[in-house]
Amino acid sequence: MSYLYRVYGLNIESEIKIPELSKLDNDNNIDAKINYGIVSNEIKELIKKGYMANYQKQDMWFNIPNLAIYHITNGNQVIIEPYENADNQLIKVYILGSVLGMVLLQNNMVAIHGGGIVINDKGYVFTGDKGAGKSTITTALRQRGYNFVADDVCSIKQGEINKIHPGFGYQKLCDDTMVKLGYNPDDYEPFRSDFNIKYIVPALDAFVNYEVPFEGVFELSVSENVENVEIKEITGIQKIQRLIKNIFRIEVINYSGGIEPTYFKKCADIAKGIKYYNIIRPKDVFSVNEQIKVIEDTIYKDKEIELDKLG
């Protein structure tokens, strides 16, 4: 039996049931298929020698010990070989993250590592390094009443107006974020992601399952040298560089030979059409409310300037 889904601008046919994803009505124009299967002996020999992954442009695989081997090819085929007694829930978590990220890369699609929040009917991506507070700020904004279009990956549709493809109506939250924002971790199923415990939290009531105009990026960072939340606009070549730095699974692109000129041009074209801000927050201080105020002040100020120009 196969299941049909739509996520990140892709039509997916999956042998694995993934209820977090939006259902697709028909199997016309399937972009990628996800199936259980047997990976090649060549991959297994490399794993025996201690290799954990290998990334080529159109041929990528990675091994999660005691869980599964994932093999992604040509942007349209994913083969998953589980280990004995593998956790099916955790197998699915890697599909929702790394696997779909690699499918996007192989399809030459630009996807930013961060959550997409809808403010004033425009989409804003919140990105930053690990631990910068991406999931905390996007969850807090959702709790404040804003909708979201994607949780952890924002796939961009290019055009005269760039748009963010919808992801899925769930958020993956770290243990500390759960506690800080009023969730009871005991009410949700935990899983281990990298070195952190995370939870998949339903947020369907705030999820917009349609493309939204891509207006800007807020890159979050932490500093010991600031006492209050600060913001600065990033322009010029730095805007392109920072956008590329925050591409989802950029390390895979770097490992597989680097960014090709056509992909760089896509990123540059996207950067030209958006605002890009860096929010710096003080280290070891819970400053979510201050960050939200800075974000809202910046967005509404930009809106006033835009209206003044039109008037």
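User: Which residue is the bridge partner of I69 in strand 8?
Analyst: That's E81. Bear in mind that this is a predicted model, where local features need pLDDT of at least 70, side-chain atom pairs count only at pLDDT 80 or more, and totals for chains, interfaces and linings use all residues. Residues are numbered from 1 along each chain as its sequence is written, and side-chain values use heavy atoms, leaving out hydrogens and water.

User: What counts as a strand here, and when do two of them pair?
Analyst: Strands (E, at least two residues) and helices (H or I, at least four) are DSSP runs, numbered from the N terminus. Two strands pair if DSSP finds at least two bridges between them.

User: How do strand 7 and strand 8 pair?
Analyst: They're antiparallel, with six bridges. The hairpin they form has three residues between the strands, and N74 there takes a positive phi near 55°.

User: And how many bridges join strand 6 to strand 7?
Analyst: Six, and those two strands run antiparallel. M60 stands opposite I72 in strand 7.

User: Changing topic, what's the strand order in the whole sheet?
Analyst: The sheet is open, with eight strands in the order 3-1-2-4-8-7-6-5 and mixed pairing. Strand 3 (22–23) and strand 5 (53–56) are the edges, each pairing on one side only.
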